[in-house]
Each structure stands twice: as structure tokens, then as C-alpha cells.
Amino acid sequence: MDSRTVALIRTTFKAVAAEDGGPEKLARSFYAILFTDYPHVRDFFPAAMDSQRDRLVKAISYALDRLEEPDKLLPFLAQLGRDHRKYGVQPAHYAAVATALKNAVKVFAGTEMWTDEVDRAWDEGLQIISDTMIGAAEKETTPSVWTGTVIERREVLRNLVVVRLQLDQPMRYAAGQYLSVQVPSRPRMWRYLSPAVPANANGEIEFHVRSVLGGWVSSAIVGQTVVGDQWLLGSPLGGLGVPRNAKRKMLMVGCGTGIAPLRAQLMSMAMRRTNPKVHLFVGGHHPCDLYDLETLSKLAMANRWLTVTPVSEHDENPWWYPEPEEPRTTWPGLEPRVTGQIGKVVASFGAWSDRDVQIVGSPSMVQTTKFRLMAAGTLAKNIRHDPLY
């Protein structure tokens, strides 16, 4: 698209973002129009739409920010297109979604801002998005959905479990990517999880899941998963990963179960002959939240290019955590644990100007850490985090 078309699309969308609660209102308006004009589409969506609305706004914002960066936008759209095969969507459904979205934005923009030129610009932009997603889906030869059978459920904390599954057939994904997952007790409620291990020929996959207050799916996984359950998994998404020919040093920052995609990358890198130096900061609210230090210790001991610094906001564990008779305070190969907020701790080490940076955690943790690093001198272009996870 030319710069004029891009500017028109962004200007009208900014009018939505500028209004108090605008993005949420836009999402509600979009789905209301979509389900009213195309009622058959409702069957593709869950009964509870809160998470779905959040993902819609994130995806739109990410796409609009990269309209002039096709090398970043088109792969992102292609991944979404391959993933959306799990819903059984057809090209006609994309047309319905594009029409509903344009009409929803048009309502917010108002008649004065919404000119014929703006209308044509949105048509062009939405056509590119639809064509890219449809084209990627039609060319894909992998399954539209995988079935995974739970072969192990291990409780790590009262609100955190490790779940291992055996897939019906191996899945190819890059270490660091994430997948959409549906569990039997929550039909049509897909959630994103990152594999904690690299892809393998045996088709085994592992997820680390923590229940979130009010989280329908995470609470169901932690509280109800049993061996023998069958999960559905969509196509891999995301752009995190360390290329085989990477030469720049790496800084990785993970909090809570955000360690999973970083851990998978480190395991994958450990199978290579050479790697750049990596400094990993793994954080949690309490020492017990650093639940995977044993694995990280083994990785650090076996790979001299890896440095691991544990970080916890508090020195003491919560009242409900049963302390072992001989609590372990140190792990071989790991740096001493640091107390503090992880973003602040990482930024206190310097600007990390010689590093490529990956951040994984809750949205608030990612943004806070990113801003602290940038304030310390880290270039924004060197920082990566996934848009939808």
C-alpha cells in the first residue's frame, strides 16, 4: 500500500484509540455487527468473549503498526491464516469479518472523517489481510489441528502444573513459538500456550500452566486435567527464536511460566555446536515461583555460554507454600538470587547495547521491563516480544 492509504487507515483507527475505552467499544461493536449480519458465524466463537475481544484489538493494532513493513506483517498474517484453519473458516467468512470490521470503525470515525477515500483505503488494507491469510491457509499441508493425549500431569505449586502430551503426529515448530490450545472442559475457548521443550520426532510436548484469577481455561487446566484427557492444538505462532547463525549476544527475561519458551530455546541451542553468549534472568514474586531452577542449573552447568540469574520480588515464600525440611538456596551453575522487581533488576545491569533481547511474561511485566530497558539505553529495535501471547 502507498503511504497515503496507510495514513488514512491509521488516522481513522487512532480516532477509535483516542476515545475513552475506544478499543474495547470497537471490539464489542464489531462482534455485534458480525453476529447480527452473519449469525452463522457465531458458532465459531466461545460463549464468553472477553479474551476474544482482547486478542482482536491486539491483532489489529499489531497489523496497523506494520502496514509499511511487509517483511514483518505478511509472515504474521500467514501464521494467523494457518492457525485459523482449526475453526473451519472459509474465504466467505473472511469477507464477512472485513465488512463488519470496516462498518464498526466507520461508526466511531463519524461521517465527517469517513470519506470515500478512507472507505477505499480500508477496503484495500482489509483485502491484503484477507488474501494473505487465505493464501497461507490454502497452501498449508500440515494438519489444521493436532490431538494431544495427556500422559503426565505434575503439580509444581498449588496453582501451577506441568502437563506433558503425546501428539497424534509430530508437530514442527520453532523453539520459542506458541500454540492455541483447547481443553475438553472448555470447548471453543482457545488459549495460547508456549511449549517448554523443542519440537521432537516423538511428538511429545510439554506445557507449564498457571491458573489466573478469573481465568476460565487456566483454572480448568490446573484443577481438572487428568491423564488421558485429549487436547486440541492449532498451528504454531510467534516470532521468538535464535537463528542457527546468530552472532549477537542474547538477553532473555522471563517471569513465571514465561520461562517456558525461553527454556525451549536454550534446550534447542544446547544441541548446537556453537552459540552466542546468553544471559537469562528468570523471575517470580516469591522464591517458590522460580520452579524450574533445577533444569536451568543443568543447562548452565553443561553450556558455558549460558548465564542464569534468578530474581524474586520477595525474599520469603507465601504462607501457603510448604517449606521443605532442608530448603535449597543455591543451585550449581546459577548466579546468586537477586531480590527486586525483575525489570528494574535487569536494567540496573546496564544498557545491554550489545544484546538482542527477548521478554516473556504477563503483558504488564513485558511492557514495564521493555520501558525500563529502553530508559537504560537499550534500543527498541533490539527488543522482541510476541504480540498476542
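Q: Which residues lie nearest the centre of the largest cavity, and how many residues line it?
A: On a 1 Å grid over the protein atoms alone, a cavity is a set of points where a 1.4 Å probe fits but cannot get out, whereas a pocket is an open set with protein on both sides within 12 Å along at least five of seven lines; lining residues have an atom within 4 Å of a point. The structure here is a predicted model, in which local features need pLDDT of at least 70, side-chain atom pairs count only at pLDDT 80 or more, and totals for chains, interfaces and linings use all residues. Residues are numbered from 1 along each chain as its sequence is written, and side-chain values use heavy atoms, with hydrogens and water left out. In this model, 38 residues line the largest cavity, and those nearest its centre are Leu56, Leu80, His84, Val97 and Met133.

Q: Which elements each supply at least two residues of the lining of the largest cavity, and which gives the most?
A: Helices (H or I, at least four residues) and strands (E, at least two) are DSSP runs, numbered from the N terminus. At least two lining residues of the largest cavity come from each of α2 (22-37), α3 (50-65), α4 (70-83), α5 (91-113), α6 (116-139) and β4. The most come from α3, which gives 7 residues to this lining.

Q: What is the volume of the largest cavity, and how do its lining residues divide into nonpolar, polar and charged?
A: Grid points are joined across faces, edges and corners, and a volume is the space filled by probe spheres set on the points. The whole structure holds 3 cavities of 30 Å³ or more, and the largest cavity has a volume of about 790 Å³. For the classes, Ala, Val, Leu, Ile, Met, Phe, Trp, Tyr, Cys and Pro count as nonpolar, Asp, Glu, Lys and Arg as charged, and the others, Gly among them, as polar. The lining of the largest cavity has 28 nonpolar, 6 polar and 4 charged residues.

Q: What lines the second largest cavity?
A: The second largest cavity, with a volume of about 40 Å³, is lined by Gly256, Ile259, Val282, Gly283, Asp289, Leu290, Tyr291, Asp292, Leu293 and Leu296. Two or more of its lining residues come from each of β8 (278-284) and α9 (293-302). By class, this lining has 6 nonpolar, 2 polar and 2 charged residues.

Q: What is the volume of the largest pocket, and what is that of the second largest pocket?
A: The largest pocket has a volume of about 1,300 Å³. It is lined by 39 residues, and Arg210, Val212, Gly361, Ser362 and Pro363 are the closest to its centre. α3, β4, β5 (204-210), α7 (216-224) and α11 give two or more residues each to this lining, which divides into 14 nonpolar, 18 polar and 7 charged residues. The second largest pocket holds about 1,100 Å³ of space, and among its 39 lining residues Tyr62, Arg66, His385, Asp386 and Pro387 lie nearest the centre. Its lining draws most on α4, which gives 5 residues, and by class it has 18 nonpolar, 11 polar and 10 charged residues.

Q: At roughly what angle do the axes of α1 and α2 cross?
A: Two packed helices are described by the angle between their axes and the distance between the axes. Axes are lines fitted to C-alpha atoms, for helices over the stretch in contact, and angles run from 0 to 180 degrees between N-to-C directions. Here the axes of α1 (residues 3-18) and α2 cross at roughly 110 degrees and come within 6 Å. Angles under 35 degrees count as roughly parallel, over 145 as roughly antiparallel, 65 to 115 as roughly perpendicular and the rest as oblique, and α1 and α2 are therefore roughly perpendicular to each other. In their contact (heavy atoms within 4.5 Å), Phe13, Val16 and Ala17 of α1 meet Gly22, Pro23 and Leu26 of α2. This contact has 5 nonpolar, 1 polar and no charged residues.

Q: Where is tryptophan 352 found, and is it buried or exposed?
A: Most residues other than glycine have a negative phi, and most peptide bonds are trans. Tryptophan 352, although not a glycine, has a positive phi of about 55 degrees, and its place is in the loop between α10 (342-348) and β11 (355-360). Buried means under 20% relative accessible area, exposed over 50%, and partly exposed in between (1.4 Å probe, protein chains only), so tryptophan 352, at 9% relative accessibility, counts as buried. Arginine 188 also has a positive phi, of about 65 degrees; it is found in the loop between β3 (179-182) and β4 (191-193), and with a relative accessible area of 36% it is partly exposed.
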